[in-house]
Structures are given as C-alpha cells and as structure tokens.
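Here are some notes on the aromatic side chains, for your review. Please read them alongside the coordinates.

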Amino acid sequence: MRKNWWKALGVVILIYTYTAGLLIPLKPGILSVNPSNLNSGEEVTLTVIGYNTFFTKTESELRAWIKLDNEHAISATKIELVNDTKAHVSFNIPSNLPTEDKVTDASLVIDNDQDGAMVLPSKLTIKKTIDVNPNAEGWTNAPITDLNRKTGFSFPFRGILYETIRNTYFHVCLWFAMIILLITSVVHSFKYLRNFRMEDDQKSMSFTMVGTLFGMLGIITGSIWAKDTWGTYWTWEEVKLNMTAIALLIYLAYFVLRSSFDDYEKRARIAAVYNIFAFAALIPLIFVIPRLTDSLHPGNGGNPAMGGEDLDNTMRMVFYPAIIGWTLVGVWISQIVFRIQRLKEKIMEF
Amino acid sequence: MIVLKEIIYLLRKEILLEWRQKYAISGILLYVLSTVFVVYTSFKKVEPNAWNTLFWIIILFASVNAIAKSFVQENSSRQLYYYSLANPTAIILSKIIYNSGLLLFLSFLSFIVFALVAGNPVKDNFHFFAALFLGSIGFSITFTFISAISAKANNSATLMAILSFPIIIPIILTLIKLSANALRLMQDTAVWKDIATLLAIDLILITMTFILFPFLWKD
C-alpha cells in the first residue's frame, strides 16, 4: 500500500471529480425572455424564465433592470412572480434612445438575495419608433446598485453551454492527461535509444497505448459536446478536430508499424525512432497550427479557452485535480499494460 | 569538412545511379503525365479551387512514389558497405538533398504539364514558387526519413503511405493555403506567417532526422 498510494489517490480524485463535477449546481441564470424585440415608448411585460432560480423563496423583493450601457438603464415598474423559475416583469420604455442607431441591444439584469445578480447579455433589442435626435430622457444613470452575490458552490451559468460546462472535467482533462502520457512515452523512447533496455520499449508502448485510448475518449466526449452546443457531432471546418483526427492516425500507424516486425530488438528500435519523430511532427499539429487559424473551438484564433468566466474558481477546484486524477489512473493502466506486455514477451521467448 | 566531401561523393553516386537506371526517373515522369491526363479527362474543366487541391495531391502521390525507393533500391549488403564508409549524417543528408532536387524538378514539370492541359490560374508567381520550393523540401525530408523506417519493415509500400501521410498533412495544408493565396482564391495578409510555419516544420523535421537517423541505419 505504501508503494501504491498514488493509485488510491488517483481513484479518490476521480471519484471527487465525478461527484463534484456532476452534482454541484449551476449558478442561477436567465434562460430566456419573451418578447425580446421591444419598441421605444411602449409599456411591455416580459416573461422571464430562470434556471436554478428561487424567485418566490426570497426575503427581499426581486429587482429588475433593462440596461443599455453603463450610464443608461431603467428599472421595472411592476414585478409579478409566477413560480420559482417564472416571473412577469413590466417596463415603461422611454420614448427615445440615447444612441444614434435605429436599433440598439440591451441586457436584462435581475437581482434578489437568494440567486444573486443574473444578467442576460445583449438579448433584448429596442427599436426607436420616433425620428428625433438622440435623447437620454427617461433613462436613469446607473440605478443598478447593491447587487447580491450568490453564496455557496456553483459553476458558471453560460449561454449555449448550460449544463454541458461539466464536460470540461472530462473532455479537456482527458486531453491534458493524454499529452502527459504521450510525453512520458517519448521520454521512454529516448531512454530506450540510450540504453537499449527492452523494458523502456515496453513502457513506451504502454504509455502510447493508454495515451491513444485517452485521445479517443477525448474525441468521443468532445463529439457529444459538439452535438449539444454546435449541433453536429463532427465538423470538417474545425482545424482542431481535424488535427486531433490526424494525431490519432499517427499513433494508430505506430501500432501497425510495431506489428510488422518479428524481431523484438529491431521493432523496439524502429518504434522508438518513429515515436519520437511522430511526436515532433505532432507539436505543430496540435500546438501551432490551430492557433494560427480561426475557429469556433476554444483556444483558437484568439478565442480564449481557460480564463475569464469560462473557468471560475469553483471550476478550478475540480479542473486541476481532475487532470492529476486522469493522469494517475492513466499511469496505472499503462503499468498494467506494461506488465502484460512483459509477460507476453517472456512467454514468446520460451 | 569530411562530411561535406562525403555528401558530394554520395550525391554524385545518387545521380549516377539514377542516370544508369533510367527507368526509375522516366517511370515517375510518365506517372505524373498520366495522372495529369486522368485528372484532366475526368474533370474536363478545372476550377481554380479544384486546380489548387488537385495539383498538390498529384505532387503528393508523385513524391511518395519517387522517394519510396530511396532505401530499397540497393540491397542490404551494399548499404552496409556505404555505412562502413560514410557518416550516417552524410548518407541521410545526401539523400535528402538529392530527393529535394528530384522533387523540385518533378513539381516544376507537373506544374508545366498541368498548366498546359488545365490552364494556369496562378496570379502571384513569387508566392506560388516559394510554396513549391518549401513544399519540395518538406516532402523530401519527411518521405526520405519515413522511407528509411519503412525499408526496415516487411511490407514497406503500405507502411510508407500510412506512416508518412498523417505526418505530411500539416505541410500540405499550409501549402494549399499558401498557393490558394497565390491563386487569389483567398486574401490573406499573413502570408509570411504561413511561410514561417512551413520553415519551422521543416526545421523541426530535419533536426529530428539528424538526431534519429544514426539509430535507424545500424542493424
């Protein structure tokens, strides 16, 4: 047990990842608002649908604003709560807009002491119905004050992503673990070329095998995620997806190469050479080229992946351990594969 | 200096060998010609977009065929003889230089033939030929090294394709983008970034070749 504590650690971390990652609720948020196209000068009642919200269980009043920019906003005139996730909010929209544009977009802000402040950014559009110069009359300057904060653990509520934000702990973390395993495999290949010990070759092969397995799992989880958010399992437009498919092809070719040799020594040497060469070719594939091209996928073309509101502190508390957990379990599986491989080669020698 | 001398000798040997067995080079030339005609007769009218992709696919397959024989044309005992005489770095470098020259010639020829039968949509000659030049070098490095690997295995023809195609994809994608620019199919201000990417890939691959080839040749 003293020697194998890291296996237990890996399992514990993964159990933590699954329970925390799947059970911690999302922050309350605004799912939709209807109608979303408004005209200036009219009196409207918006039906607001919340997600994970507790509109009726609050002590303080629910407050709501339509916000144009940091200096212009209006508060709601009447609020009627239907149930925990549904509310009717009425506004008197001023007859003029403080902007030159015919149409402007606005955000809806809702606040109460249970759910904290929620924003539905730029979902509302307001059309100017009268044809005069911009005028800020009726719009008050920054009335949005004393906002509440949601306490307790929760994951960010992000439009489009919603609950699938939890896939970060599986899709992204599996990729990180895969990269770590493949690097370990390359290190063992280098070791083999220095000392020509069969053990290093077997280790390198086992790490590559588990790395490839994690890569496939990463593609499957990513594919399901893409279906949910982009509406398709696979798109050839996405450079990152193509590059990962190619990376998998490279490693599948590695196994074909291995199987085409009868002589163990020769196989070990040439597999090590190919493994290092392929990894060097992989670096531009997954680290350089995706960053040069534009894409929808996070981490491309200036599209942030891990920062800002996509990965907040609560998520970090699961995200970083998950990488370690997947890596430890990956190393454990590779160790088992390595032992099987060593036994197989021993049997073949007799 | 000794390595340089060895490279020159080995290059002369390669050229002499090619000259004596003319079937290899003429086979490749005929291969290019017939592929171009197959493509032309099946497409009839080649749009610039298709022209760009088809051109690079033709070059890709012609290059694989031209380079696959690098390490299998001479038998293993004669190779052992070379290795006992020369430095492994000199051997791989002379092969890469020779193959780069061969591919440059091949891609120019393909371009001329393809332009004759399917029209020449290239608007920016400098960028196009820069792509052709860098592409030939990249193809040559990758295919030469992979042919050295696959020559050690039993079914080398299949291995050559499956080992090299995934590795060549970043190069060919960058090339297609570069030449699409030269054909004015797209407007990209960051052409130099693409050229730098190509150069960087070539540099990584040639460094790996230098480090790894000495382990590959000794049996």
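1. In chain B, the charged end of B:Lys13 lies over the ring of B:Tyr82, at 4.2 Å from the ring centre. This is a predicted model, and the values below should be read as computed from it.

2. Over all chains, the count of aromatic pairs is 26. One of them is A:Tyr18 with A:Trp326, an edge-to-face pair with 6.4 Å between centres and 65 degrees between planes. The angle puts the pair in the edge-to-face class because that class takes planes over 60 degrees apart.

3. What does this pair tie together? A:Tyr18 belongs to helix α1 (residues 5-23) of chain A and A:Trp326 to helix α6 (residues 313-349) of chain A, so the contact ties together parts 308 residues apart in sequence. A:Tyr18 is partly exposed, at 39% relative accessible area, whereas A:Trp326 is buried, at 9%.

4. A:Trp326 also pairs edge-to-face with A:Phe214, with 6.2 Å from centre to centre and 85 degrees between the planes. A:Phe214 is in helix α3 (residues 198-229) of chain A and A:Trp326 in helix α6 of chain A, so this pair ties together parts 112 residues apart in sequence. Both A:Phe214 and A:Trp326 are buried.

Methods
Residues are numbered from 1 along each chain as its sequence is written. Chains are lettered from A and ligands numbered from 1 in the order in which they are written. This is a predicted model: local features need pLDDT of at least 70, side-chain atom pairs count only at pLDDT 80 or more; totals for chains, interfaces and linings use all residues. Side-chain values use heavy atoms; hydrogens and water are left out. Rings of Phe, Tyr and Trp (its six-membered ring) pair if their centres lie within 6.5 Å; planes under 30 degrees apart count as stacked, over 60 as edge-to-face and the rest as tilted. Helices (H or I, at least four residues) and strands (E, at least two) are DSSP runs, numbered from the N terminus. Buried means under 20% relative accessible area, exposed over 50%, partly exposed in between (1.4 Å probe, protein chains only). A charge sits over a ring if NZ of Lys or CZ of Arg is within 6 Å of the ring centre and within 35 degrees of the ring normal.
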